[in-house]
Amino acid sequence: MSVLHGIPALLQAADPNMPIVSGGWFFFFTIVKMLVIFTIYMIGVAMLTLAERKISAWIQDRHGPNRVGKGWLQPAADGLKNFMKEETMPEGVNKPLFVLAPILSFIPALTAWCVIPFGAPWPTRWGRIDLVVADLPVGFLFILAITSLGVYGVVLAGWSSNNKYALLGGLRSSAQMVSYEISLGMSTIPVLLLAGNVSLNSIINQQAWGGWNVVNLTVAFFIFMVAAFAETNRLPFDLPEAESELIAGYHTEYSAMKFSLFFIAEYAGMVTQSALMATLFFGGWDVPFTARDNIGPFSKWLSLLSIGIFLAKILFFLFLFMWIRWTLPRFRYDQLMSLGWKFMLPLALTYIVIIAAVLLGLSASGIPQGALWTAILGSINIAMIIILFAILDRGRIISPAYGRMHPKEVQRLRQLDRQLENKRRPIATEAGR
Amino acid sequence: MAIKVKVVERPVDDVSYIRATLKGMALTVKHLFDVQGRVTTQYPEEKSPISPRWRGTHRMLTTETGKARCVACGLCPTVCPANCIKLVPGEDEEGNRYPLVFEIDEFRCIFCGYCQEVCPEEAIHVGRHYENSEYSREGFVYDLQRLMDQTHPVCEMWDPEDPKGE
């Protein structure tokens, strides 16, 4: 009966201008939020390892883990195994850094979450709770600063291991992550231009009114997505790991829970990047086609719904990460660098200029954010996407087996080959007799 | 004669990364949802069929009275290329020969099936069975009783009249 009595109380809408909880309660609820997020996050990451194995298995026409508790307890079994395994400490490692590296790669991925809003405000009798651990006014800058620290873990792991493969992995990752960080940052500048603010909540609110940024800024979304794949060291950008060339790259020498921490860090990074993609380009926790979730009146059901929507968006991107991983082969190192520096960075910079010009034009002609505004931006993006995909994507963006070559040079080489062929053929015929 | 290598020129103007990627993703997602197409055999529960001529764990056939058919003629230890059969012949009051000791070391055995082929009494056979595991090395030396206790089907030897086993 008490449950039935509770439902009307839950449905009761709260005042949209309810003040934020203050004083001791603020402290208390912040700690509760931290604990809840950390727990869900860790369990989620554990389940992601299972999801990755299942999806990879299904894509490869296998069944995947299905023994330990029908497969569901596989992450627990893996965790237990990792705790009981031997901690190896190879000769010649730099011990403090060797221990520090897994921690350094794990913490930034986790820390970034504290500024990502994950739901509509939750009304309580003590006031409104914003569903974000720390509503920093510089939220987005904080994320850029923290996620770029992730490279230290990888580089230090590679360097401190005293192993050539680990070192190569670390070197590759430093080059890769630094290169793609720039494109990542540049691709988000149009988002900030649209929102006019760096706080993530205002970015979400802007999208609730002006349409999702994936329509407004499709090109930026693609750049961000590719850079996010590179940032998280996922295929097709998993050069730091490259199990076929570098054994396991930077974590070759790691075992037991230290190795597991790198693994968790990779998945935590994926979750963070997925959440960022959802927040910056897919409206965050914004419930599509409604406005009530942004202005209130807020209720607990609305908060739960918005959390569910946000989770669904994150899960979609996580699936995309895995889908791509089991589809694409790894880039070669020079292809990776030329894509990052020669294509993505100039594109991102050009895009900033284009979007800034369009925004200037829109505000000069007095069009407010709304359907027309979105339509104009969207059509510009569609035009750009068509140009990019139909004209530039012909062996020019990423050529399959060699760097970009001038057609004249190709012609010359082919002619040379034909001349040589004429010389070779008699010799070959002779030898064949 | 020189081998002719067909060199396919790369169609630089037609190659695409993004379209090829999308094509690849369509293919992988097709396999993702293809439940019928999963090919793994769930081994302990389901087993792949084995050939009727599979030569596995040995089996000693018995007479109607429950004794081993073996007459201790000594042909199988003679023909055995791996020297894994130990046979000590004995003789009862009526002059019938029987094996006092008959042991096969499954570790040394190379499962060639010569013993089955050479046996005049059709006593020793290689069988259609492959799941042998033991906790000790000694466990792999099968004595006569153990060979008689095996129940799995025995190997059908290759028949020159019917080479395909039909």
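In chain A, the domain assignment, whose bounds come from an automatic or database source, gives domain 1 (20-390) and domain 2 (403-433). The C-alpha centres of domain 1 and domain 2 of chain A lie 48 Å apart.

This is a predicted model, in which local features need pLDDT of at least 70 and side-chain atom pairs count only at pLDDT 80 or more, whereas totals for chains, interfaces and linings use all residues. Residues are numbered from 1 along each chain as its sequence is written, with chains lettered from A and ligands numbered from 1 in the order in which they are written. The model scores ipTM 0.71 and pTM 0.77. Chain B has an average pLDDT (the predictor's confidence in each residue, from 0 to 100) of 84, and 92% of its residues score at least 70.

Helices (H or I, at least four residues) and strands (E, at least two) are DSSP runs numbered from the N terminus. In chain A, helix α10 (residues 218-231) packs against helix α12 (residues 256-281) at an angle of about 170°, with the axes 10 Å apart; axes are lines fitted to C-alpha atoms, for helices over the stretch in contact, and angles run from 0 to 180 degrees between N-to-C directions. α10(A) and α12(A) are therefore roughly antiparallel to each other, a term applied to angles over 145 degrees. On the α10(A) side, Phe221(A), Phe224(A), Met225(A), Ala228(A) and Glu231(A) meet Gln273(A), Met277(A), Leu280(A) and Phe281(A) of α12(A), where contact requires C-beta atoms, placed from the backbone, within 7 Å. The residues of this contact divide into seven nonpolar, one polar and one charged, with Ala, Val, Leu, Ile, Met, Phe, Trp, Tyr, Cys and Pro counted as nonpolar, Asp, Glu, Lys and Arg as charged, and the others, Gly among them, as polar.

| Strand | Partner strand | Bridges |
|---|---|---|
| β1(A), residues 119-124 | β2(A), residues 127-131 | four bridges |
| β2(B), residues 85-91 | β3(B), residues 97-105 | seven bridges |

β1(A) and β2(A) form a hairpin with two residues between them, and Pro123(A) has Arg128(A) in β2(A) as its bridge partner. The hairpin of β2(B) and β3(B) has five residues between its strands, and Gly95(B) in the turn has a positive phi of about 85°; Lys86(B) stands opposite Glu103(B) in β3(B). In chain B, three strands form an open sheet in the order β2-β3-β5, with antiparallel pairing. β2 and β5 (141-142) of chain B stand at the edges, each with a single partner strand, so one side of each is left without a neighbour in the sheet.

Methods: Parallel < 35°, antiparallel > 145°, perpendicular 65-115°, else oblique. Contact = placed C-beta atoms within 7 Å. Pairing = 2+ DSSP bridges.
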